[in-house]
Amino acid sequence: MALLEVKNIQKSFGKTEVLKNISFSLEKGQVLAIIGSSGSGKTTLLRCLNFLEIPDRGTITVGGKTLIDGADSTTLSDEAIRQNRLHFGLVFQNFNLFPQYTALENVTLAPTLLKKGTPEEIDSLGRRLMEQVGLSDRLENYPFQLSGGQQQRVAIARALALSPEVLCFDEPTSALDPELTGEVLRVIRGLKDKDTTMIVVTHEMEFARNVADMVIYMADGIIEEMGPPERVFENPQSEKTKAFLHGAQSMF
Amino acid sequence: MTFLEVTAFLFDGFLISLLIFGVTLLCAVPLGLPIAFCSMSRIKAIKAISKVIVWIVRGIPLMLQIFIIYYVPGLLFDTPIFSQLDRYFFIHYSIKDAGRIIAVLIAFSINYACYFSEIYRGGIESISKGQYEAGYVLGLTKPQIFRHIVLKQVIQRIVPPMSNEIITLIKDTALANCIIVCEIIKQAKELAATKAMVWPLFYTGVFYLVFVGFLTILLGRVEKKLSYFRS
């Protein structure tokens, strides 16, 4: 059975329908890349998965447990939403690190407040994760002392600290200088080797093609094309996908 | 009167100024917080009420507010509480002006709480939505996010405007002499009236300057201590 099952998600802001009947599923250990132009609903979809937006209709199921059901208000209480968020992690485009905490403290803050272990356990977890993202020498630095790429890697470690079942990335390299995107993408690729289930909204077509197991192309709030990267990139069926991929290539 | 005697006489008044300053801060700093939260409330009625209160308190002179607090209980309910308190404290504890000082403290606390609430509100609203969202996706509760993520950033941002208000407060204490509280300027005016000495009135400025100098250094240190991070 699929780890993540998204069914018929619909979301409107006022009169604008941003997501129209989105459905897909994801197996454990798979990496899903979501591509598409701005305003196609990619980010809103990711925000729905993290309950930063509540879908108007549809269900989100993780490991057989329905976390949210637009028709069932008991899944919509603040406390239920807070608990269910823990199934997902989210790495933001702008990192959103906590400026008053050191890199290590950023990673350990949530496990500490949620009492996910003894202080010693949490500390060693934090150090291990910082090592995993290659920042063992930056534990005591504050976010403003780190480069964008380093900040984003701390943000990844912070999201991993609660061992979410699905880790989501919202354009994780879009706010970075081109020379810094590589270090972040390498960390994400490293997570794939550890069988982390991930959803990555990205404009990095090469990355999507090489790392993803499945690619979704979104346009105007619907899934225009979905499939393994070879098919979506080499042999797209929809005219919209063809036009988008052509546009993305011809930029250079 | 010698210079020393004048200094001692004025210093008695300055202690009253400091008392008004200290107690007002102690009351207004926490009282500003619920007012700030009310003015950001999603419930429209609460928001409207607190906006109107802040508008009134910031909109009329503090001196007038002192008069209102001091005289209105007597005029409306025929019970001049504050002059009764004056008498009570004088008879039982031989403390002068206690009722008047309490009236001043009430007026000052409300007034400064409203100013502080606007500074708090500005500080809280200036924190990016991303900070809250980062807390939410980590499964933190709203109180945890406020206490552990937002609060310190807010404090860092409000220290400079708060410093301004705090420095204004010590000078505003002079307004207490409108209901004849013996703060330092009232003391100096007393000397002018009874001993025909005008220079002590100008000399009071030295007291304020010394204290403001001390405050500036102290608040500067607080600001520096909080500058270890950038948000």
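## Strand pairing and the sheet of chain A

Two strands count as paired if DSSP finds at least two bridges between them. In this predicted model, chain A holds an open sheet of 4 strands in the order β2-β1-β4-β5, and the pairing is antiparallel. The edge positions are taken by β2 (16-26) and β5 (65-69) of chain A; each has a single partner strand, so one side of each is left without a neighbour in the sheet. From one strand to the next, the twist averages 20°.

Within β5(A), the residue opposite A:V62 is A:K65. Helix α1 (residues 42-49) of chain A lies across β1 (4-13), β2 and β4 of chain A, and runs at about 65° to β2(A).

## A hairpin in chain A

Strand β9 (residues 214-219) and strand β10 (residues 222-227) of chain A run antiparallel and are joined by 5 bridges. A:Y217 stands opposite A:E225 of β10(A). β9(A) and β10(A) form a hairpin, with 2 residues between the strands. In the turn, A:D220 has a positive phi of about 50°.

## Helix α5 of chain A

Helix α5 (residues 148-160) of chain A has 13 residues, which at 1.5 Å a residue should span 18 Å; the end C-alpha atoms are 18 Å apart, so the two values agree. Of these 13 residues, 12 are buried, and α5(A) is therefore largely enclosed by the rest of the structure. The buried residues include A:G149, A:Q150, A:Q151, A:Q152, A:R153 and A:R158, as well as A:V154, A:A155, A:I156, A:A157, A:A159 and A:L160. Their cover includes β6, α3, α4 (119-132), β7 (166-170) and α6 (178-193) of chain A.

## A:F92 and its contacts

A:F92 is placed in the loop between β6 (88-91) and α3 (103-113) of chain A. The cut-off for a buried residue is 20 or more other C-beta atoms within 10 Å. A:F92 has 21 C-beta neighbours inside 10 Å and therefore counts as buried.

Apart from neighbours within four places in sequence, A:F92 is in contact with A:A155 and A:D170 in chain A, and with B:G130 and B:A134 in chain B. A:A155 is one of the buried residues of α5(A). From A:F92 to A:V215, the separation is 123 residues in sequence and 20 Å in space, C-alpha to C-alpha.

## The contact between the chains

Chain B gives 18 residues to the contact and chain A gives 20. On the side of chain B that touches chain A, the elements that give two or more residues are α6 (129-137) and α7 (142-172) of chain B. The largest share of that side, 6 residues, comes from α6(B). By class, the residues on the chain B side divide into 7 nonpolar, 8 polar and 3 charged.

## Chain B as a whole

Chain B has 9 helices and 0 strands. Its C-alpha atoms fill a box of roughly 70 × 45 × 30 Å along the principal axes. Of the 231 residues in chain B, 32% are buried. Among contacts in chain B between residues at least 6 apart in sequence, 72% join residues at least 24 apart.

Two packed helices are described by the angle between their axes and the distance between the axes. For helix α1 (residues 3-39) and helix α2 (residues 44-59) of chain B, the axes come within 7 Å and cross at roughly 125°. α1(B) and α2(B) are therefore oblique to each other. The contact is made by B:I35, B:C38 and B:S39 of α1(B) with B:I46, B:K47, B:S50, B:K51 and B:V54 of α2(B). By class, this contact has 4 nonpolar, 2 polar and 2 charged residues.

Helix α5 (residues 98-125) of chain B has 28 residues. From its first C-alpha to its last, α5(B) reaches 39 Å, close to the 40 Å expected at 1.5 Å a residue. Of the 28 residues of α5(B), 20 are buried, so the helix is largely enclosed by the rest of the structure.

Definitions and conventions: Residues are numbered from 1 along each chain as its sequence is written. Chains are lettered from A and ligands numbered from 1 in the order in which they are written. This is a predicted model: local features need pLDDT of at least 70, side-chain atom pairs count only at pLDDT 80 or more; totals for chains, interfaces and linings use all residues. Axes are lines fitted to C-alpha atoms, for helices over the stretch in contact, and angles run from 0 to 180 degrees between N-to-C directions. Angles under 35 degrees count as roughly parallel, over 145 as roughly antiparallel, 65 to 115 as roughly perpendicular and the rest as oblique. Two residues are in contact if their C-beta atoms, placed from the backbone, lie within 7 Å. Ala, Val, Leu, Ile, Met, Phe, Trp, Tyr, Cys and Pro count as nonpolar, Asp, Glu, Lys and Arg as charged, and the others, Gly among them, as polar. The expected span of a helix is 1.5 Å times one less than its number of residues.
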